[in-house]
Amino acid sequence: MLLYTYPTMVALFSFMFLGEKLSKIKVFAIVGTLIGCYLVLNIHNINLNKAIIIGIIFGLLSAVFYAGVNIYAKYIVEDVPEVLVTFYSTTFSLLVLLIFNFPFIFKLSSISFASVKNAALLAVFCEIIPLTLLYAAIKYVGPVTTSIISTIEIPSAAILSFIFMGKD
C-alpha cells in the first residue's frame, strides 16, 4: 500500500521540479488516495516496532523511486516506443537480479516446466503489458494523471480477488 503514495510524490516532484500546475481535481484525487492508503494500512492500530518502521521506510522509498521512474519516463517515451522502453528496463532488471542473485543460476536445472510457464505468464501479464501501457499513458496524459489513474489497481485487485478467488 505504501507504494501507492507515489501519485502524491509524482505530483509534488512535477510541481517542485518541473513547474507543473496542480488542478483542484488532482489535489482532491491525491488526498483521496492518501486517505485510502491510511485507512487500508490501519496505521493507527499498529504497534510500531523497529521492523514495522523499517518496512514503512522501504515502502515509502519504493514509492519515491517509482515516482522518479514515472517522471523520467515522460522524457524517454517521447523518442522511444513504449515496448522498447519496457524491453530495456525489464532486461536491465533481469541482469541486475542475476548479478545480485548469482547462485540462483545453479538451481535453474531443477526448476519444473510448470514453474517456467507460470513465470512467463506472470512476466507477460504482470510486467510487460502493465509497464508498456503505463509508458503509453505517460506519453499521452503525463506522469501525474497516469499515476493518479493507476491507483485504480487497488480496488481492482480487491474486486478481482473476490470474484476469482472468493477472498474479501
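This is a predicted model: local features need pLDDT of at least 70, side-chain atom pairs count only at pLDDT 80 or more; totals for chains, interfaces and linings use all residues.
Trainee: Where is confidence lowest, and where is it highest?
Mentor: Helix H2 (residues 24-41) has the lowest, with a mean of 79, while H5 has the highest, at 91.

Trainee: OK, on to H3. What should its 27 residues span?
Mentor: At 1.5 Å a residue, helix H3 (residues 50-76) should span 39 Å. Its end C-alpha atoms are 39 Å apart, so the two agree.

Trainee: Which residue caps its N-terminal end?
Mentor: That's Asn49: one of its side-chain oxygens lies 3.1 Å from the backbone nitrogen of Ala51.

Trainee: And which residues of H3 are buried?
Mentor: Gly59, Ala63, Ala67, Asn70, Ile71 and Ala73. They pack against helices H1 (6-18), H5 (113-141) and H6 (143-149).

Trainee: New topic! How many aromatic pairs are there?
Mentor: The count comes to 3. One of them is Phe13 with Phe17, a tilted pair with 6.1 Å centre to centre and 50° between the planes.

Trainee: Where do those two sit?
Mentor: Both are in helix H1, 4 residues apart, which is about one turn of the helix.

Trainee: Is Phe17 buried or exposed?
Mentor: Phe17 counts as exposed because its relative accessibility is 63%, over the 50% cut-off. Phe13, at 22%, is partly exposed.

Trainee: What about Phe87 and Tyr88?
Mentor: Their ring centres are 5.8 Å apart and their planes are at 55°, so that pair is tilted. Phe87 is partly exposed, with a relative accessible area of 49%.

Key. Residues are numbered from 1 along each chain as its sequence is written. Side-chain values use heavy atoms; hydrogens and water are left out. The expected span of a helix is 1.5 Å times one less than its number of residues. Buried means under 20% relative accessible area, exposed over 50%, partly exposed in between (1.4 Å probe, protein chains only). Contact means heavy atoms within 4.5 Å. A polar contact is a pair of N or O atoms within 3.5 Å; within protein, one must be able to donate a hydrogen and the other to accept it, and residues adjacent in sequence count only if both atoms are side-chain atoms. pLDDT is the predictor's confidence in each residue, from 0 to 100. Rings of Phe, Tyr and Trp (its six-membered ring) pair if their centres lie within 6.5 Å; planes under 30 degrees apart count as stacked, over 60 as edge-to-face and the rest as tilted.
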